[in-house]
Amino acid sequence: MTSTDATSALERVRVALVGAGHADEIVELATEVPTAAAAAEQLGCPVGAIANSLVFEADGAPLLVVASGGHRVDVKKAARHLGVRKVRRATPEFVFQATGQLVGGVAPVGHPAPLRTLVDTALADHPEVWAGAGVSHAMLRTTFAQLVTLTGGDPVDVGQGSSGD
């Protein structure tokens with residue numbers, strides 16, 4: 001991805017936020033934060049308040065799971081909720097094709113087309129959450145309720161080992 005492509009991804013996220021009536025609360029950081037732990041450390045928040053935008057393949061179609069950085073996604077639980085045979089982690093190429101963004105910076109919005117989305121209910125435990133903003137050095141501040149509205153996603157318990165198994 002060139003610096004122009006990165007700027008474009010960040011700008012698409014900004015446009016999507018403003019277009020949805022959400023405040024432009026994107027913070028550009030001095031260094032990349034490709035993991036929830038790195039983002040939490042730089043932002044001074046709990047790792048569980050990081051909303052990881054993870055792309056999976058659900059029977060071959062893109063699926064966005066906005067998951068708490070505090071746990072791993074239970075793909076069997078997600079598949080049962082969706083009524084699909086199999087949910088599996090997508091390749092970086094599949095992620096880029098579906099989102100126009102690279103792994104490590106995927107945002108919950110700003111994609112070429114809306115993606116079927118699940119929003120982890122564990123994020124509701126935090127008064128504010130931070131999600132990627134389209135590039136690996138930027139994060140956007142939001143809330144669980146705003147994420148559900150912005151993405152049109154289904155609030156679902158997607159954590160491994162959490163209740164609802």
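**A walk through the predicted model**

In helix H5 (residues 144-151), a polar atom of the side chain of Thr-151 lies 2.7 Å from the backbone oxygen of Leu-147. Helices here are DSSP runs of H or I with at least four residues, strands are runs of E with at least two, and both are numbered from the N terminus. This is a predicted model, in which local features need pLDDT of at least 70 and side-chain atom pairs count only at pLDDT 80 or more, while totals for chains, interfaces and linings use all residues. Residues are numbered from 1 along each chain as its sequence is written, and side-chain values use heavy atoms, with hydrogens and water left out.

Thr-151 counts as buried, at 14% relative accessibility; buried means under 20% relative accessible area, exposed over 50%, and partly exposed in between, with a 1.4 Å probe and protein chains only. Not counting residues up to four places away in sequence, Thr-151 touches Pro-108, Thr-117 and Val-119. Contact of this kind means heavy atoms within 4.5 Å.

His-22 sits in the loop between helix H1 (3-19) and strand S1 (26-28). This histidine is buried, with a relative accessible area of 8%. Its side chain makes a polar contact with the side chain of Thr-142, at 3.0 Å. A polar contact is a pair of N or O atoms within 3.5 Å; within protein, one must be able to donate a hydrogen and the other to accept it, and residues adjacent in sequence count only if both atoms are side-chain atoms. Leaving aside residues up to four places away in sequence, His-22 touches Leu-17, Arg-141, Thr-142, Gln-146 and Leu-150.

Val-13 is placed in helix H1 and is buried, at 0% relative accessibility. With residues up to four places away in sequence not counted, the residues it touches include Ile-26, Gln-101, Val-109, Ala-133 and Leu-140. Val-13 and Val-135 are 122 residues apart along the chain, and their C-alpha atoms are separated by 9.6 Å.

Next comes helix H2 (residues 36-43), whose buried residues are Ala-36, Ala-39, Ala-40 and Leu-43. These four are on the same side of H2, because they cover an arc of only 100 degrees around the axis, the arc being that of the directions from the helix axis to the C-beta atoms. Among the elements that cover them are strand S2 (50-58), strand S6 (129-132) and strand S7 (138-142). After H2 comes Gly-44, with a positive phi near 70 degrees.

Most residues other than glycine have a negative phi. Asp-59 lies in the loop between S2 and S3 and is partly exposed, at 40% relative accessibility.

The largest pocket is lined by 33 residues, of which Pro-34, Asn-52, Ser-53, Leu-54 and Arg-89 lie nearest its centre. S2 gives the largest share of the lining, seven residues. H2, S2, strand S3 (61-68), helix H4 (92-99) and S7 each supply at least two residues. By class, the lining has 20 nonpolar, eleven polar and two charged residues.

Notes: 1 Å grid on protein atoms, 1.4 Å probe; cavity = no way out; pocket = protein on both sides within 12 Å on 5 of 7 lines; lining within 4 Å. Nonpolar A, V, L, I, M, F, W, Y, C, P; charged D, E, K, R; others polar.
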